[in-house]
Amino acid sequence: MTSYFDDLETRSQDAREAAQLVALNTQLAKHGMDAVGDLSGLAGLPVLRKADLVGRQKAQPPFGGLPVSNLSHVFQSPGPIYEPGGASHDWWRMGRFLHAVGIGAGDIVQNCFGYHLTPAGTIFESGARAVGAAVLPAGTGQTELQAQAAHDIGITAYAGTPDYLKVILEKADEMGLKLGITRAAVGGGALFPSLRDWYADRGITCLQCYATADLGNVAYESPAMEGMIIDEHGIVEIVTPGTGDPVEEGEVGEVVVTTLNPDYPLVRFATGDLSAMLPGISPCGRTNGRIKGWMGRADQTTKIKGMFVRPEQVAQLVERHPEITRARVVASREGEMDVMTVRLEAEGGDLSAFEASVAEVLKLRGTVEVLPVGGLPRDGLVIEDLRNYD
């Protein structure tokens, strides 16, 4: 097996951005949107949120009027939300991740992602075909049969959630079966260091990817295991939750992805997940940018005094006053009462005007604190809940 899936993984950043710009403007044209002069122009385009997509799909079923072509599958995820699928080579871009795990020709992958309605099973099967591996379409459940099949067939690799492989291995031990799994490609849940170590102790290399039903593969680990490398056919931005405004490199924010898939071009799709960009490139030699991985949810909607406060409302406070650079709502308790404190980073401004905007936008009254620029942590939180629910 070669070191890299293709030459795209090691090209210069200038070459990458030039190719991505051409692909991006082709996709914008399909949406009836104006071309951008460089990739930074993405920041001026609207963000598409999952709730917006659900609304569009209800109005224009099944795909909300988005330009879909070369359709071979239709999937339904909770919401409900409908996703198209294609049968062309590595349509969901999962092959690059499986290759990084070390899966390829001669391997048989036990694919324990679901095949019914949702696309995860098909996404990973498409990736296995891209690297020349065979697949046992196992899905979930029936662990005893899974262990027996892994033994009888000679399964060498696993694809599925991080914890289910442990269930299969322990069932095989209980049945007295020796399995030959040496590589695991996981996603759809947290891979805790202790679990990765448990697999390593059994001679299994376990790497994880970050993928969604709407987008396919977004980023993936390599053997260097330093962050997740962004896939070559997607553009990832990290923005302040509730807005489309990019944060500084290294700051935590919401992951927004533009897929360069001509069959289903999603532009600035907000995942609702938090992450941050890592500086530099991976020690493995892949040259694309990296994210730290999943760092929580960006949807920090919180109920205070019986009213929902949403990140979009916090963003409105910043938009109303040019003096304000950042805002954070903090929920706490005094006795049996909810307390709301709004902390604003601002250069000057009128406190009474800030208080009036808080009451109008959030529909609640609370204490407003003005901090100097840099006074709020760069951790991605715009709503912080300090209440103890135990």
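This is a predicted model: local features need pLDDT of at least 70, side-chain atom pairs count only at pLDDT 80 or more; totals for chains, interfaces and linings use all residues.
I will go through some of them with you, then turn to a pair of helices, and finish with a few places in the loops.

Let me start with Asp107 and Arg183, which form a salt bridge whose closest N and O atoms are 2.9 Å apart. This pair links distant parts of the chain, since Asp107 sits in the loop between α3 (95-101) and β4 (108-111), while Arg183 belongs to strand β7 (residues 183-186), and the two are 76 residues apart. Are these two partners buried or exposed? Both Asp107 and Arg183 are buried.

A second salt bridge joins Glu125 to Arg129, with 3.5 Å between the closest N and O atoms. Here both residues lie in helix α4 (residues 120-130), and they are 4 residues apart, about one turn of the helix. Glu125 has a relative accessible area of 22%, so it counts as partly exposed.

Let us look at one member of it, Arg96, which lies in helix α3. Why does Arg96 count as buried? Its relative accessibility is 2%, and residues under 20% are called buried. The side chains of Arg96 and Asp6 are joined by a polar contact of 2.4 Å. Apart from its neighbours within four places in sequence, Arg96 is in contact with Phe5, Asp6, Leu8, Glu9, Asp90, Tyr220, Asp231, Glu232 and His233.

When neighbours within four places in sequence are left aside, the residues in contact with Glu221 include Phe97, Ala100, Cys206 and Met228.

Now to the helix pair. Two packed helices are described by the angle between their axes and the distance between the axes. For helix α8 (residues 311-320) and helix α9 (residues 351-362), the axes come within 10 Å and cross at roughly 145°, and this crossing of α8 and α9 is right-handed. Which residues meet there? From α8 there are Gln313, Gln316, Leu317 and Arg320, and from α9 there are Ser357, Val358, Glu360, Val361 and Leu362. By type, the residues of this contact divide into 4 nonpolar, 3 polar and 2 charged. Within α8, the residues Pro311, Gln313, Val314, Ala315 and Leu317 are buried, and the buried residues of this helix pack against β17 (307-309), β18 (324-334), β19, α9 and β21.

Finally, the loops. Most residues other than glycine have a negative phi, and most peptide bonds are trans. In the loop between α2 and β2 we find Pro62, and the peptide bond from Pro61 to Pro62 is cis, with omega near -5°. Asn70 lies in the loop between α2 and β2 as well, and its phi is near 50°, a positive value in a residue other than glycine. Asn70 has a relative accessible area of 59%, so it is exposed. Leu71 is also placed in the loop between α2 (50-59) and β2 (73-77), where at 45% relative accessibility it counts as partly exposed. Beyond its neighbours within four places in sequence, Leu71 is in contact with Phe63, Pro84 and Gly85, and its C-alpha atom is separated by 7.8 Å from that of Ala87, 16 residues apart along the chain. Leu117, in the loop between β4 and α4, likewise has a positive phi, near 70°, and with a relative accessible area of 56% Leu117 is exposed.

Notes. Residues are numbered from 1 along each chain as its sequence is written. Side-chain values use heavy atoms; hydrogens and water are left out. Axes are lines fitted to C-alpha atoms, for helices over the stretch in contact, and angles run from 0 to 180 degrees between N-to-C directions. A crossing is left-handed if the near helix is turned anticlockwise from the far one by less than a right angle, and right-handed if clockwise. Contact means heavy atoms within 4.5 Å. Ala, Val, Leu, Ile, Met, Phe, Trp, Tyr, Cys and Pro count as nonpolar, Asp, Glu, Lys and Arg as charged, and the others, Gly among them, as polar. A salt bridge is a side-chain nitrogen of Lys or Arg within 4 Å of a carboxyl oxygen of Asp or Glu. Buried means under 20% relative accessible area, exposed over 50%, partly exposed in between (1.4 Å probe, protein chains only). A polar contact is a pair of N or O atoms within 3.5 Å; within protein, one must be able to donate a hydrogen and the other to accept it, and residues adjacent in sequence count only if both atoms are side-chain atoms.
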